[in-house]
Amino acid sequence: MAHILVDRFGPAVWHAVIDRMGETPEAEDAFVDLMLAVWTRIGHRGDVTRLREQVARALTSLGISSPEEAESSEVAADMLEMREAGDELEETGLPEEVLPDLPPGLRNRALQRLRAQIAYEEAEARRSGSRVARATAGALVVLGFALVGYGWWGERSSETGQPTNVHRASPEPISTADLPVQVQAVFDITRQPVDLGHLAFGDGELVTGSLSLGAQGDGIQLSAYALHGLGVLARPRWTSNVAISPPPPEAGGSWLLRSWSLSSAGAWAVVTVNWTENGIHGAASRVDVYAVPFAGGSPSRLTTLNVGDGGEVVIATGPGGIAWQTVSGQEGVAAASPVHLAPIVVRTGSASLGRSVSIDVNGLVRNPHVTHAGLVYQGTSAAPAAAGMWVCVAPTGQATAYAGVPGATDGAVVEGESGVLYAVAPVSSPEGQTLAMCALHAPGSRQPSLRLEVPVSAWGADGGYVDYVERAGGRTYLVVARAD
């Protein structure tokens, strides 16, 4: 039913909105909010007649006359024949046919928001005691975040310029990598897919994270595995559940889990949970930040960040601690705050943020990483960095420009055991995508850029570690390496 709403009624609603607001980002936000408002009123148990009525009411509430709906596609007609048993899970699929006039990107964005709402509805039904709803909610959320992880991999796979020095990789996955790193462990994941978007590394351990739904509440389940030799992800050394719950709803509102992340900050695994408040007039966001020691133990809430309607939060972690920046959208004017940088300390047996320092920057930082030297990022929204360039701002506020992998427009920064900062980026190779690393250096000076010769299907970076997925001997391996 979600596809019927977007595909059958979406084009006409979109034209009505842009006639009123113009083809602007605000109009796209209004369209997505309209689709969500109609869904929350009718749900997947409704029929086309009730959908038509709710679409007309939603437009009328905004002072927009109700348009004629678009001709239904064959996909929409097929969707009308959906039966109740198990069809909720099919809402995460995307029909191949897209009706004209509705931008594909906007269509997918609306469907993603509706899928998130479906997951929320099923989770609420689970809490009320329905076993069927519980199973459906879990499957939806797991599938949803699996798709998010797949999208994250795709975003990290953009091609960039070619580095200079090429080294041949050994066919054995446990051998030394052809990067300035030392392999710490190799996990056989042939029958055990891993979401590289939710991994953290530190103190000789790999920590995985997964969203869990339980009768006693929801949470992020962490599992730690030793980094040692060749093995599989089985029998974790310790586990920890970070209990999460949406903020108390305000009048007429509700909260949805928009996204969550897992990273490291020194001796801590850091979990960030981003909540979004639904509403036709905009969304307010809240981010909860938790820390779990890599030695294992109970989670601690570090901070909660709230931003107003149209706001945004950027959080970065690394060996130097945790950094955050907020953007408020009050009165239609976006204003970025300074970057706040703080260590994680232990007080009365639990983790908390230590004394923070503020760093003034021009705009919202892009792709930030926290190092012992300060905050490293690829420019800001107001002053983007050139391809292959990075900016390091020390806690004193002094900014220094550095060059990394030549021509790279995406990537990450890792801090080696010797204190050297390396840029890591995906690059093209004759067999597909591979990885390149280069020590950050002064622009104009020469610094070798090294790369793997073998292709990798996915990669990530966290703190001082680089991880990538490689095939060898017909099997699939997750290689974890520590930067030199």
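**Close-up views of a predicted model**

The protein chain of this predicted model has six helices and 29 strands. Buried residues make up 51% of its 484 residues.

**View 1. Strands E8, E9, E10 and E11 form an open sheet.** The four strands follow the order E8-E9-E10-E11, with antiparallel pairing. Strand E8 (255–265) and strand E11 (300–307) each have a single partner strand, so one side of each is left without a neighbour in the sheet. On average, neighbouring strands are turned by 15 degrees against each other, direction ignored.

**View 2. Strand E9 pairs with strand E10.** Residues 268–277 (E9) and residues 285–293 (E10) are joined in the antiparallel sense over nine bridges. Trp 275 has Arg 286 in E10 as its bridge partner.

**View 3. Salt bridges link Arg 286, Asp 288 and Arg 301 in a network.** Side chains of opposite charge can pair when their charged atoms come close. The side chain of Asp 288 meets that of Arg 286 at 3.0 Å, N to O, and that of Arg 301 at 3.0 Å, N to O. Asp 288 lies in strand E10 and Arg 301 in strand E11, 13 residues apart. Asp 288 is buried, with a relative accessible area of 1%. Arg 286 is also buried, at 16%, whereas Arg 301 is partly exposed, at 43%.

**View 4. A salt bridge joins Arg 475 and Asp 188.** The distance between their side chains is 2.7 Å, N to O. Arg 475 is in strand E29 (residues 475–483) and Asp 188 in strand E2 (residues 181–188), so the pair ties together parts that are 287 residues apart in sequence. Asp 188 has 17% relative accessibility and counts as buried; Arg 475, at 34%, counts as partly exposed.

Definitions and conventions. Residues numbered from 1 in each chain as written. Predicted model: local features only at pLDDT ≥ 70, side-chain atom pairs only at ≥ 80, totals over all residues. Heavy atoms only, no water. Pairing = 2+ DSSP bridges. Helix = DSSP H or I, 4+ residues; strand = E, 2+ residues; numbered from the N terminus. Axes fitted to C-alpha atoms, helices over the stretch in contact; angles between N-to-C directions. Buried < 20%, exposed > 50% of the residue type's maximum accessible area, 1.4 Å probe, protein only. Salt bridge = Lys/Arg side-chain N within 4 Å of Asp/Glu carboxyl O.
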